[in-house]
Amino acid sequence: MNKNYYALIMAGGVGSRFWPVSRTEYPKQFIDFFGVGKTLIQSTYERFLNICPPENIFIVTNEIYTGLIKEQLPLLTDNQILAEPLMRNTAPCIAYGSLKIAELNPDATIVVAPSDHTIANIDGFVASIEQSLEAASKNDCLITLGIKPNRPDTGYGYIQHTDYVLNTDTDLHKVKTFTEKPNLDLAKSFIQSGDFLWNAGIFIWSARAILKAFEKHLPDMYEIFNVGRTELNKASEKEFINNAYFQCTNISIDFGIMEKAENVYVLPSDFGWSDLGTWASIYEMAEKDYVGNAVIPSEQVLMFDSSNCMVNVPKDKLVILQGLHDYIVVENNNMLMICPRDEEQKVKEFVAEVKSRFGNKFI
């Protein structure tokens, strides 16, 4: 295993897309959605144990979740948990993590990935990451993974690539454009063109390449962190980072660097990826019975004349459903959501309205 390979796992999300199971104080990365005995962040951590040494895996998260991180990933040291004092999108956390790792090992090559995605084909995932890490360690380039699309999905961003490859030993294609979530007609045209991939939000680069990119494209942010880089990995790190974050703008790595840099490449990949953005996506990934019902857990759920439903309830709850077809049924802490699978967006709007009125009391 290459000691120069590092993983930076982003686990700071506080979204409420999976209400009522996911709440601000307990977001989706800390939940076992599929009843497999592992939460999403535990599964993500285990995947990277196939790629780099355990001491080279770092988690960046909101400081309110450090306790949950330690509880679910007890083998991590305090220095492997990067606590953000406030949310500032992905560019600041990547600048922070990259500089911290570079101070430990200037020859580091880093994979940056979200903590809350699912991967069906672990071997395929590992192969794609290792190919990208090897290329990034030898070339001044910024790499992202693109997922080969199987439908015109409007829930994902897209990456358009050219036929130009980094070298003949890889399938890394030069990126032409990044596109935010398109409407359905545009998504259909992307699929038909054959040169668009879903943006998985997984990045690979050497520490030198990404810091060089920050210095060029986000110089103010680079300077904010670089001025105190010698404080990183020391007792004074927390105080420095708290001050630095309040100076940072809220900007994504895609908009701040990837859409501007000239040395961006994408690796077309296919390893059963999902970003689990909706209950419908949980339904797609979950095991189903002969009539299409996905029930997690299933010990005390009884269903009669019901099909194609997504049911997620606590293990100790007895639930009886009759005459439901294509519905989502979720219960947690005595809060119940029942809605047609194709109307989940209305629930999101309701949750957003409740949050705007009452804050995080119910969300």
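Visitor: How many salt bridges does a search of the whole structure find?
Guide: The search finds 13. A salt bridge is a side-chain nitrogen of Lys or Arg within 4 Å of a carboxyl oxygen of Asp or Glu. This is a predicted model, in which local features need pLDDT of at least 70 and side-chain atom pairs count only at pLDDT 80 or more, while totals for chains, interfaces and linings use all residues. Residues are numbered from 1 along each chain as its sequence is written, and side-chain values use heavy atoms, with hydrogens and water left out.

Visitor: What makes Asp-116 and Lys-28 a salt bridge?
Guide: Their N to O distance is 3.6 Å, and the limit is 4 Å, so the pair qualifies. Asp-116 sits in the loop between strand S4 (109-114) and S5, and Lys-28 in the loop between strand S1 (5-10) and H1, so the pair ties together parts that are 88 residues apart in sequence. Helices (H or I, at least four residues) and strands (E, at least two) are DSSP runs, numbered from the N terminus. Both Asp-116 and Lys-28 are buried, a word for under 20% relative accessible area, with exposed meaning over 50% and partly exposed in between (1.4 Å probe, protein chains only).

Visitor: Which label does Glu-331 get, and why?
Guide: Its relative accessibility is 10%, so Glu-331 counts as buried. Its side chain meets that of Lys-317 in a salt bridge (2.9 Å, N to O). At 29% relative accessibility, Lys-317 counts as partly exposed.

Visitor: How do you know that Asp-254 has no salt bridge?
Guide: The nearest side chain of opposite charge, Lys-181, is 11 Å away, and a salt bridge has to be within 4 Å, so Asp-254 has none. For charge, Lys and Arg count as positive and Asp and Glu as negative; His and the chain ends are not counted. Asp-254 is buried and is placed in helix H9 (residues 253-258).

Visitor: What does Asp-254 touch?
Guide: Not counting residues up to four places away in sequence, Asp-254 touches Asn-199, Phe-203 and Glu-259. Contact means heavy atoms within 4.5 Å.

Visitor: Why is Leu-172 called buried?
Guide: Its relative accessible area is 0%, so Leu-172 falls in the buried class. Leu-172 lies in the loop between strand S7 (158-165) and strand S8 (173-179). Among the residues Leu-172 touches are Ser-132, Ile-143, Tyr-164 and Tyr-265.

Visitor: What makes helix H3 largely enclosed?
Guide: Twelve of its 15 residues are buried, so H3 is largely enclosed by the rest of the structure. The buried ones include Cys-93, Tyr-96 and Lys-100.

Visitor: How does the length of H3 compare with what is expected?
Guide: H3 (residues 90-104) reaches 21 Å from its first C-alpha to its last, close to the 21 Å expected at 1.5 Å a residue. The expected span is 1.5 Å times one less than the number of residues.
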